[in-house]
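I opened the model and kept notes as I went. The entries follow in the order of looking.

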Amino acid sequence: MAEVIEVSDAQLRFVTNTMSGIGLIKCGNDVIPFDNIIENGLELYNLFNTDIHEKVSQTDLAITAEECIP
């Protein structure tokens, strides 16, 4: 895989089996590691969250809460 995306093995290890929010940005020949973990529960987290399972769960909770309101 490192050959396909043209990163070193060390750079690939940086993103192998890591938490969400950690990764590599590649622009041309430059590869920049980043750690942008955002605390769960913050509005910023909700805006940038791409975890479909969490999104569905949040939607289900919102629908359940609306059903309980008279």
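Entry 1, surface patch. Which residues form a nonpolar patch on the surface? I found Leu42, Leu44, Leu47 and Phe48 there, with about 430 Å² of accessible area together. I note at the outset that the model is predicted.

I then looked up where Leu42 sits. Leu42 is in the loop between strand 2 (30-35) and helix 2 (43-48). Its relative accessible area is 42%, so I list Leu42 as partly exposed. The cut-off for joining a patch is over 30% relative accessible area, so Leu42 at 42% passes that condition.

Entry 2, overall fold. I read the chain as three helices and two strands. Along the sequence the pattern is α-β-β-α-α. The chain has 70 residues, and 11% of them count as buried. Buried here means under 20% relative accessible area.

What is the volume of the largest pocket? I noted about 350 Å³. The lining of this pocket holds 13 residues. Ser20, Gly21, Tyr45, Phe48 and Asn49 are the ones that lie nearest its centre. Phe48 I had already written down as one of the patch residues. I sorted the lining of the largest pocket by class and got six nonpolar, five polar and two charged residues.

I looked up phi of Asn17 and found it near 55 degrees, a positive value in a residue other than glycine. For background, most residues other than glycine have a negative phi. Asn17 belongs to the loop between helix 1 (9-15) and strand 1 (22-27). Is Asn17 buried or exposed? I have Asn17 as exposed, because its relative accessible area is 79% and the cut-off for exposed is over 50%.

Asp35 lies in strand 2. I count Asp35 as exposed because its relative accessibility is 55%.

I took Gln11 next, which lies in helix 1. With a relative accessible area of 25%, Gln11 is partly exposed. How far apart in space are Gln11 and Gly23, C-alpha to C-alpha? I wrote down 9.3 Å, for a pair 12 residues apart in sequence.

I found Ile37 in the loop between strand 2 and helix 2. Leu42 is also listed in the loop between strand 2 and helix 2. Ile37 counts as partly exposed because its relative accessibility is 42%, and partly exposed covers the range between the buried and exposed cut-offs.

Technical notes
Residues numbered from 1 in each chain as written. Predicted model: local features only at pLDDT ≥ 70, side-chain atom pairs only at ≥ 80, totals over all residues. Heavy atoms only, no water. Patch = residues over 30% accessible without salt bridge, like charges linked within 9 Å, V, L, I, M, F, W, Y side chains within 5 Å. Areas by Shrake-Rupley, 256 points an atom, 1.4 Å probe, with all protein chains shown as cover. Salt bridge = Lys/Arg side-chain N within 4 Å of Asp/Glu carboxyl O. Helix = DSSP H or I, 4+ residues; strand = E, 2+ residues; numbered from the N terminus. Buried < 20%, exposed > 50% of the residue type's maximum accessible area, 1.4 Å probe, protein only. 1 Å grid on protein atoms, 1.4 Å probe; cavity = no way out; pocket = protein on both sides within 12 Å on 5 of 7 lines; lining within 4 Å. Points joined across faces, edges and corners; volume = space filled by probe spheres on them. Nonpolar A, V, L, I, M, F, W, Y, C, P; charged D, E, K, R; others polar.
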